[in-house]
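Here is a short report on one protein model. Keep the sequence and the 3D view open as you read.

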Amino acid sequence: VAPPTLPAVAAPPPPREGSSLPEAGEPAAPAARAPARSGFAVQVGAFSNAAAADEVRGKLERKGFESYVVSARESGDGKWRVRVGPVASRSSADALAGRLKSEERLPTWVLSEGGR
């Protein structure tokens, strides 16, 4: 007796240029990925799941703040970090942190890009 045949399944579309697929066990990445590292950024939170991080990032984007998420794999501790920036100078980052604290009531950490 021949084994049953499975219906044909279309292959998923290839990834867009510049995108990367998550590794096994890693949740799908939020929409905005970390930009090239230079200057400073303001971290506004660390989350245990990608969906929560992407929700905060989306709210910030809708309010005009350029933001991105550092993946749990990249952070090395299983946390998805939401950052605003990058900006060129420490003084610009400090001013941005002040705005995020007062206008959005978010905790802030100013980081040199490339730092964790």
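## Terms and source

A residue is buried under 20% relative accessible area, exposed over 50%, and partly exposed in between (1.4 Å probe, protein chains only). Helices (H or I, at least four residues) and strands (E, at least two) are DSSP runs, numbered from the N terminus.

This is a predicted model: local features need pLDDT of at least 70, side-chain atom pairs count only at pLDDT 80 or more, and totals for chains, interfaces and linings use all residues. Residues are numbered from 1 along each chain as its sequence is written, and side-chain values use heavy atoms, with hydrogens and water left out.

## Gly58

Gly58 sits in helix α1 (residues 50-62). Its relative accessibility is 9%, so Gly58 counts as buried.

## Helix α3

Which residues of α3 are buried? They are Ala93, Leu96, Ala97 and Leu100. Down the axis of α3, the buried residues fall within an arc of 105°, so they line one face of the helix. The arc is taken from the directions from the helix axis to the C-beta atoms. Ser91 and Ala95, on the other side of α3, are exposed.

After α3 comes Arg105. Its phi is positive, near 55°.

## The core

A nonpolar core is a set of buried Ala, Val, Leu, Ile, Met, Phe, Trp, Tyr and Cys residues joined through side-chain atoms within 4.5 Å. The largest one has 16 residues. Those with the most contacts inside it are Val42, Val44, Leu60, Val84 and Leu100. Two or more residues come from each of β1, α1, β3 and α3. α3 gives the most, with four residues.
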